[in-house]
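Please look through the structure below.

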Amino acid sequence: MITMILMGPPGAGKGTQAKRLVNKYDIPHISTGDMFREAIKERSELGILAKRYIDDGHLVPDDVTNAIVRERLAKDDCQHGYLLDGFPRTIPQAMALEGITKEINRPVQFVINIDADEKELIRRISGRRVCKVCSTPYHIDTMKPKVENVCDVCGGPLIQRADDNEEALRVRLGHYYEQTRPLLDFYKKSGLLHSFDGTQDLNVLLKQIMSLVEENE
Ligand code: AP5
Ligand code: MG
């Protein structure tokens with residue numbers, strides 16, 4: 001069983017690494033951002049609520065976010081592990097997660113923090129395109145798909161996220177520094193935190209994360 005959290009500022013490469021790690025370890029990829037974007041596409045009640053926050057770069061309220069994670073982690077496919085991408089990102093979310101993982105008896109083993117400097121985050125976010133169908137991330141200069149505007153994984157069309165603009169990114173970074181970064185200390189104290197340089201080549205970084213997991217499994 002492998003249970004892990006991927007943390008880091010917007011554009012650090014959480015989604016990029018998550019896609020690869022869940023394939024290697026055959027565990028579900030639980031991205032709260034992807035779940036909200038799915039709900040927005042479906043125009044569900046959750047989607048209508050989430051859109052009000054996400055498009056401007058604000059965090060969706062904790063009670064809403066905690067409830068969708070609680071429901072998701074209770075599903076059968078999480079019995080052999082899970083990878084959380086972008087959750088928790090506030091102290092109340094981390095506390096809620098402690099309760100949830102106790103209930104399901106599958107505590108978090110690894111908190112992987114991926115970091116990069118702000119200039120690189122801005123470069124990545126401004127050039128990012130994502131698959132409309134499976135949300136795989138690409139970059140217009142440095143991580144191009146094999147065929148322009150077509151996802152390598154599923155053949156879906158590539159789009160730009162509504163919150164990948166300068167204004168919303170500034171708001172997202174602000175929330176990261178104020179609400180999410182303090183969580184690093186929270187997980188450092190519990191001995192679960194492992195930090196990595198997200199500006200490295202993505203395959204080098206993937207190998208480093210996998211070595212850590214395999215040495216401590
Ligand atoms: P979310 O979807 O989680 O977005 P985010 O945290 O802002 O992170 P990103 O997805 O933008 O970045 P990433 O780290 O995944 O980078 P990626 O791998 O794509 O959340 C969106 C919104 O949903 C939030 O703002 C909030 O409103 C809401 N939300 C979500 N979770 C919530 C929660 N828990 N509570 C409340 N609200 C919540 O890579 C970025 C780019 O860099 C790509 O172009 C990629 O190709 C490139 N790249 C990646 N790695 C490398 C590398 N090693 N070298 C070169 N390029 C690279
Ligand atoms: Mg992401």
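In this predicted model, Ile114 is positioned opposite Phe196, a residue of strand β8. That pair belongs to the pairing of β4 with β8 (residues 193-197), in which five bridges join the two strands in the parallel sense. β4 also pairs with β1; these two strands run parallel as well, joined by four bridges. Within that pairing, Met4 has Phe110 of β4 as its bridge partner. How much of β4 is covered? Strand β4, residues 110-115, has five of its six residues buried and is mostly covered.

Gly8 lies in the loop that runs between β1 (2-7) and α1 (14-25). Is Gly8 buried or exposed? Its relative accessibility is 10%, and because buried means under 20%, Gly8 counts as buried. Leaving aside residues up to four places away in sequence, Gly8 touches Lys14, Asn113, Ile114 and Tyr176. As a distance for orientation, the C-alpha atom of Gly8 is separated by 13 Å from that of Ser31, and the two residues are 23 residues apart along the chain.

The next element is helix α3, which spans residues 45-54 and has Gly47, Ala50 and Ile54 as its buried residues. Viewed down the axis of α3, these buried residues fall within an arc of 70°, and therefore they line one face of the helix. What do the buried residues of α3 pack against? Their packing partner is α2 (32-42). On the other side of α3, the exposed residues are Glu45, Ile48 and Arg52.

The last contact to follow is one between two helices. Two packed helices are described by the angle between their axes and by the distance between those axes. For helix α5 (residues 91-104) and helix α8 (residues 182-189), the packing angle is about 35° and the axes are 9 Å apart. On the α5 side, the contact is made by Ile91, Ala94, Met95, Leu97 and Glu98. On the α8 side, Pro182, Leu183, Phe186 and Tyr187 make the contact. Glu98 of α5 is among the contact residues, and Glu counts as charged.

Key:
Residues are numbered from 1 along each chain as its sequence is written. Chains are lettered from A and ligands numbered from 1 in the order in which they are written. This is a predicted model: local features need pLDDT of at least 70, side-chain atom pairs count only at pLDDT 80 or more; totals for chains, interfaces and linings use all residues. Side-chain values use heavy atoms; hydrogens and water are left out. Buried means under 20% relative accessible area, exposed over 50%, partly exposed in between (1.4 Å probe, protein chains only). The arc is that of the directions from the helix axis to the C-beta atoms. Contact means heavy atoms within 4.5 Å. Axes are lines fitted to C-alpha atoms, for helices over the stretch in contact, and angles run from 0 to 180 degrees between N-to-C directions. Two strands pair if DSSP finds at least two bridges between them.
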